[in-house]
Amino acid sequence: TNRPDGLDAAYTRRMDLVIEVPNPPRAARKALLLRIAPELGPDLMGRLVNNPTATLAVISRAAEVARSMKDHLPPSASLDPYVETAIDGTLKAQGH
């Protein structure tokens with residue numbers, strides 16, 4: 001989960017192993033974002049790199065959703081607003 005603080009302590013005590021995987025440093029985030037969402041514009045890329053609550057999993061999924069809509073958009077349309085909307089909605093639902 002991205003929100004371990006939201007789990008009941010009794011639940012986590014039953015787990016054999018709990019591994020925390022923090023967000024990577026900015027340089028690594030940027031390199032990974034360039035691989036998972038190369039179509040993002042530099043402005044959105046910069047905002048995402050500097051947003052610690054936007055995990056790579058959230059960004060990757062938002063980019064995948066936006067790509068699935070590409071056939072229904074004008075050929076020159078940027079996916080950035082769609083990616084950003086999906087990320088914002090996800091983060092809001094996660095309580096950020």
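Helix α3 crosses helix α5 in a left-handed manner, a term used when the near helix is turned anticlockwise from the far one by less than a right angle (clockwise being right-handed). Helices here are DSSP runs of H or I with at least four residues, numbered from the N terminus. The model is predicted, so local features need pLDDT of at least 70 and side-chain atom pairs count only at pLDDT 80 or more, while totals for chains, interfaces and linings use all residues. Residues are numbered from 1 along each chain as its sequence is written, and side-chain values use heavy atoms, with hydrogens and water left out.

**Packing of α3 and α5**

- Helix α3 covers residues 42-49 and helix α5 residues 80-93; their axes are 10 Å apart and form an angle of about 20 degrees.
- Axes are lines fitted to C-alpha atoms, for helices over the stretch in contact, and angles run from 0 to 180 degrees between N-to-C directions.
- The two helices, α3 and α5, are therefore roughly parallel to each other, the class for angles under 35 degrees.
- On the α3 side, L44, R47 and L48 meet D80, V83, E84 and I87 of α5; contact means heavy atoms within 4.5 Å.
- The residues of this contact comprise 4 nonpolar, no polar and 3 charged, where Ala, Val, Leu, Ile, Met, Phe, Trp, Tyr, Cys and Pro count as nonpolar, Asp, Glu, Lys and Arg as charged, and the others, Gly among them, as polar.

**The largest nonpolar core**

- A nonpolar core is a set of buried Ala, Val, Leu, Ile, Met, Phe, Trp, Tyr and Cys residues joined through side-chain atoms within 4.5 Å; buried means under 20% relative accessible area, exposed over 50%, and partly exposed in between (1.4 Å probe, protein chains only).
- The largest such core has 19 residues, of which L33, L40, L48, A54, I59, V83 and I87 touch the most other members.
- At least two residues of this core come from each of α3, α4 (56-68) and α5, and α4 gives the most, with 6 residues.
- Beyond its neighbours within four places in sequence, I59 contacts R29, L33, L48, A54 and I87.

- R67 belongs to helix α4 and, at 32% relative accessibility, is partly exposed.
- Not counting residues up to four places away in sequence, R67 touches I36, A37, E39 and L79.
- A86 belongs to helix α5 and is partly exposed, at 24% relative accessibility.
- Between A86 and S76, 10 residues apart along the chain, the C-alpha separation is 20 Å.

Definitions and conventions: Parallel < 35°, antiparallel > 145°, perpendicular 65-115°, else oblique.
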